[in-house]
Amino acid sequence: MSEKNEIAVEVKGLSKSYGPVQAVKSIDLQIGMGEYFALLGPSGGGKTTLLRLIGGFIRPTEGQVFLHNQEVSHLPPNARPTSMVFQSFALFPHMTVEQNVGYGLRLKKVASDEIKDKVANMLKTVGLDGYGERMPHELSGGQQQRVQLARSFVLETDILLLDEPLAALDANLRRDMCIELKRLQEKIGMTFIHVTHNQEEAMTVADNMAIIADGSLVEMGKSSDLYENPIRRFTADFIGENNIFDGQVSKIEDDVIHVDLGSSSIAVLSRGQKTSVGDKVSISVRSELARAIDTSTSSTEPLETLSGIHRESVYLGLTTSELITLDNGQEVLARQISDRYGGHTIANGTSINVGWRQQDGRLHIS
Ligand SMILES: Nc1ncnc2c1ncn2[C@@H]1O[C@H](COP(=O)(O)OP(=O)(O)OP(=O)(O)O)[C@@H](O)[C@H]1O
Ligand SMILES: [Mg+2]
């Protein structure tokens, strides 16, 4: 079913207001068929509202929704090729696990033998083999959530909308389920739209993602691109652990942009972005690409550096986060390999430089 160059979901100028609250503001979005797409963003940003608009549970204030190139903006949920896994999961409390999972198939009048097989297969897939006879209240929150997933998967609709499907799971189970979800999606070839505020979860499952905040689409792209080459300052700040320096363009030499931070200056490559002297811009540097450098050692390669005082080392296993307060008071993080694995200890209170290769900084135009 999955031709990745065909469009499964397209929204155009989609907006939803609740009185004065603009939950979704003029979003344009395309999702390819068979894609695993994530909507990632902070709480209250509009992710659930956008998903509900796609599923038909609410009507847009403005704009249109197309599924497989058909306009569905005014069709009810059951007339759309979608099914939805809700954020607050609700199993039928008076039905067994098996009956819950088979519910949608019974509505579709699928033969009972076929329902039995499909349900059994699906319970195996979500790791609940042997739980079919249990009632929902006899399951943990995480198990209930997996029953809900099974209930949606078994319908084999073209597009599955998942609203925080793993929120009730602990970190380990969530990691396992992420990988399981991705594997399952690849196997069945459905288009998945997965809402989460957890960036690791989004990166694990999704081919492409959109960052949604304050009702708007901030940035969209391949997960690895949004991590490595975020265009917007918000994206850099939201995904991963970034140091962000706000300043003003002071000089432009070909593709090297010099940015004045007040008491110091750093440079970054423009990577095709257009800017002018005097523009307010930001530079982000991932903590894992920033290094704490002893002031007495001279570097063998040219680095962008800022000076400060080492405050604290936070041991995280393989890596240690070095917290440094710059001369201007800004705190930055340099994440380095821990001692045990070949790093070196830095004493608190040491004067130190933070440095990174010029090509490792990213420019953000406000
Ligand atoms: N039925 C409603 N009536 C009024 N305001 C609403 C309604 N539903 C959502 N909102 C508001 O719209 C905004 C977006 O809400 P939404 O539930 O889409 O956010 P979200 O990104 O899913 O957040 P979370 O990660 O917390 O689930 C919020 O400010 C919310 O308070
Ligand atoms: Mg939500």
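**Reading the pockets and cores**

Colleague: I'd like to start with the largest pocket. Which elements each supply at least two residues of its lining?

Modeller: Three elements do: β6 (82-85), α2 (97-107) and α4 (141-153). Keep in mind as we go that this is a predicted model.

Colleague: Okay. How much space lies in that largest pocket, and which residues are closest to its centre?

Modeller: There's about 600 Å³ of space in it. The lining has 22 residues, and T82, S83, M84, G104 and L155 are the ones closest to the centre.

Colleague: What about the second largest pocket: what is its volume, and which elements each supply at least two lining residues?

Modeller: Its volume is about 160 Å³. Here β16 (304-315), β17 (319-326) and β18 (331-337) each supply at least two residues of the lining. By class, that lining has two nonpolar, seven polar and three charged residues. Among the lining residues are Y315, E322, D339, R340 and T345.

Colleague: Let's zoom in on T345. Where is its place, and why does T345 count as exposed?

Modeller: T345 sits in the loop between β18 and β19 (351-356). The cut-off for exposed is over 50% relative accessible area, and T345 counts as exposed because its relative accessibility is 60%.

Colleague: Which side chain does T345 join through a polar contact?

Modeller: That's D339: the two side chains are joined by a polar contact of 2.3 Å. D339 is also one of the residues lining the second largest pocket. For a sense of distance, T345 and L323 are 22 residues apart along the chain, and 13 Å separates their C-alpha atoms.

Colleague: Now the nonpolar cores. What's the general idea?

Modeller: In soluble globular proteins, nonpolar side chains tend to be buried together. In this structure, the largest nonpolar core has 40 residues, and V101, L149, F153 and F192 have the most contacts inside it. Several elements give two or more residues to this core, including β3 (36-40), α2, α3 (112-125), α4 and α5 (171-188).

Colleague: Which residues is V101 in contact with, leaving aside its neighbours within four places in sequence?

Modeller: V101 is in contact with V119, L123, V147, A150, R151 and V154. There's also a second, separate core of 26 residues, which includes M33, V72, M84 and V195.

Notes
Residues are numbered from 1 along each chain as its sequence is written. Chains are lettered from A and ligands numbered from 1 in the order in which they are written. This is a predicted model: local features need pLDDT of at least 70, side-chain atom pairs count only at pLDDT 80 or more; totals for chains, interfaces and linings use all residues. Side-chain values use heavy atoms; hydrogens and water are left out. On a 1 Å grid over the protein atoms alone, a cavity is a set of points where a 1.4 Å probe fits but cannot get out, and a pocket is an open set with protein on both sides within 12 Å along at least five of seven lines; lining residues have an atom within 4 Å of a point. Grid points are joined across faces, edges and corners, and a volume is the space filled by probe spheres set on the points. Helices (H or I, at least four residues) and strands (E, at least two) are DSSP runs, numbered from the N terminus. Ala, Val, Leu, Ile, Met, Phe, Trp, Tyr, Cys and Pro count as nonpolar, Asp, Glu, Lys and Arg as charged, and the others, Gly among them, as polar. Buried means under 20% relative accessible area, exposed over 50%, partly exposed in between (1.4 Å probe, protein chains only). A polar contact is a pair of N or O atoms within 3.5 Å; within protein, one must be able to donate a hydrogen and the other to accept it, and residues adjacent in sequence count only if both atoms are side-chain atoms. A nonpolar core is a set of buried Ala, Val, Leu, Ile, Met, Phe, Trp, Tyr and Cys residues joined through side-chain atoms within 4.5 Å. Contact means heavy atoms within 4.5 Å.
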